Amino acid sequence: MKKLILLFTILFTFNANALEHSYVVLNADTGDLLYKSAESKNNYPASLTKLMVLYITFDALEKGVIKEDQKLKVSYRATQQPQTKLGLKIGDTITVKEAIYALIIKSANDAAVVLSENIGTTENGFSDIMTAAAAQIGLQNTSFKNASGLTDENQYCTAYDMAMLGYAIYSHFPQYFKYFKTKEFKYKGKKYVTHNNILNTYEGGNGMKTGYTDKSGYNLIASATRQGKTIIAVSLGNKTAKKRDKEVVILLDYGFQKVGLKNQKYKKIDQDYKVQLGAFYNKDQALKVVEGLSAQSQVMVSQGEKGIIYKPQLVNLTFEKANQICENIKKKNKDCLVVRE
């Protein structure tokens with residue numbers, strides 16, 4: 001017998017100051033999407049921005065514009081970047097290779113600015129190059145305003161676009177993808193260790209990048225290769241790094257199952273996924289949607305522009321069960337969205 005809970009807590013719908021959880025699973029060998037949820041919702045990329053800096057850097061390396069051992073100038077602007085950073089000072093030099101490692105492993109904001117200024121003259125000019133490159137590779141809902149990923153109201157992305165950016169790096173620059181596998185590097189005698197826990201904990205993990213700001217939440221794009229197949233998973237807008245990492249493990253496992261590795265097992269089945277069955281301004285309509293369904297359900301209440309919005313949801317589901325339910329509902333041409341607690 002289903003249990004119905006009506007929640008009257010007012011939860012604001014997405015705006016520039018609210019986290020928007022979304023995810024994508026992609027087959028990196030074909031570019032095919034294997035699963036998605038809220039994949040076109042805007043969010044702040046945080047340090048996932050540095051993936052586009054790296055894409056342009058790899059392109060410049062391939063074209064011979066710069067070299068891996070080339071020493072780069074450190075500007076005053078670069079030294080003034082907030083944490084996280086290497087602590088570069090005027091007069092320091094850093095090679096292109098060191099700067100690449102600094103972005104991937106340390107997520108160093110000062111190194112990101114150094115690359116942007118040496119390739120694009122100014123960080124502002126480089127951000128225009130980043131946005132143009134994004135459009136060129138098919139990222140339709142992404143805009144860049146800086147190289148570090150620090151919050152800017154006009155810098156945004158989607159989970160889908162970040163997955164496609166990861167795919168573009170993987171497919172366009174396989175000779176440089178090796179950088180993402182690196183777990184640590186040294187600069188001026190100091191060792192830096194990766195923030196990407198997937199590299200250390202997930203079998204076959206080989207990339208890519210973490211990101212966090214107060215407004216973006218905890219973001220991660222990760223890649224893994226097993227039995228010659230590579231999966232890319234993106235999770236944006238998580239409330240904690242632990243939840244982010246656990247979800248990406250589930251997404252990667254799910255991806256490997258979808259491409260035929262049937263022996264893949266989830267490391268832990270979390271029952272904190274929900275299936276949202278539309279949104280209504282009428283409470284009775286929302287209640288009717290979940291009436292008679294066997295799963296535990298609830299109706300979330302939020303404040304919309306035209307009044308109270310009621311969101312009927314099926315709750316306490318595993319990732320796999322939530323997706324199965326949602327796929328069946330979509331076959332009936334009904335609204336459905338998988339979300340996480």
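This is a predicted model: local features need pLDDT of at least 70, side-chain atom pairs count only at pLDDT 80 or more; totals for chains, interfaces and linings use all residues.
A residue is called buried when its relative accessible area is under 20% and exposed when that area is over 50%.

Glu123, Phe126, Ser127, Met130, Ala133 and Ala134 are buried. Looking down the axis of helix 5, you will find these buried residues within an arc of 120°, so they line one face of the helix. The face turned away from that buried side carries the exposed residues Asn124, Asp128, Ala135 and Gln136. What covers the buried residues of helix 5? The cover includes helix 1 (49-62), helix 2 (76-79) and helix 4 (109-120). The length of helix 5 also fits expectation: at 1.5 Å a residue, its 14 residues should span 20 Å, and its end C-alpha atoms are 20 Å apart, which agrees. Just after helix 5 comes Gly138, with a positive phi of about 95°.

Twelve of its 14 residues are buried, so helix 1 is largely enclosed by the rest of the structure. Among these buried residues are Leu51, Met52, Val53, Leu54, Tyr55 and Phe58. Which elements do the buried residues of helix 1 pack against? They pack against helix 3 (96-106), helix 4, helix 5, helix 6 (159-172), strand 9 (205-213) and strand 10 (217-226). Just after helix 1, Gly64 takes a positive phi of about 80°.

Five strands form an open sheet in the order 4-3-11-10-9, with antiparallel pairing. Strand 4 and strand 9 are the edge strands, each pairing on one side only. On average, neighbouring strands of this sheet are turned by 5° against each other, direction ignored. Helix 8 (residues 241-258) packs on the sheet and touches strand 3, strand 4, strand 9, strand 10 and strand 11. The direction of helix 8 makes about 150° with that of strand 11.

With strand 4 (residues 33-37), strand 3 pairs in the antiparallel sense over four bridges, and Val24 has Lys36 as its bridge partner. These two strands form a hairpin with five residues between them, and Gly31 in the turn has a positive phi of about 85°. With strand 11 (residues 229-238), strand 3 pairs over six bridges, again in the antiparallel sense; here Val25 stands opposite Ala233.

Finally, the aromatic residues, which form 16 pairs in the structure. Tyr23 and Phe319 make a tilted pair, 5.6 Å centre to centre with 55° between the planes. Tyr23 lies in strand 3 and Phe319 in helix 10 (residues 319-330), so the pair ties together parts that are 296 residues apart in sequence. Tyr23 is buried, at a relative accessible area of 1%, and Phe319 counts as buried at 2%. In another pair, the rings of Phe58 and Phe180 have their centres 6.2 Å apart and their planes at 85°, so this pair is edge-to-face. Phe58 lies in helix 1 and Phe180 in the loop between helix 6 and strand 7 (184-187), so parts 122 residues apart in sequence are tied together. Both Phe58 and Phe180 are buried, and both belong to one aromatic cluster that includes Tyr55, Tyr101, Tyr170 and Tyr192.

Definitions and conventions: Residues are numbered from 1 along each chain as its sequence is written. Side-chain values use heavy atoms; hydrogens and water are left out. Two strands pair if DSSP finds at least two bridges between them. The expected span of a helix is 1.5 Å times one less than its number of residues. Buried means under 20% relative accessible area, exposed over 50%, partly exposed in between (1.4 Å probe, protein chains only). The arc is that of the directions from the helix axis to the C-beta atoms. Contact means heavy atoms within 4.5 Å. Axes are lines fitted to C-alpha atoms, for helices over the stretch in contact, and angles run from 0 to 180 degrees between N-to-C directions. Rings of Phe, Tyr and Trp (its six-membered ring) pair if their centres lie within 6.5 Å; planes under 30 degrees apart count as stacked, over 60 as edge-to-face and the rest as tilted.
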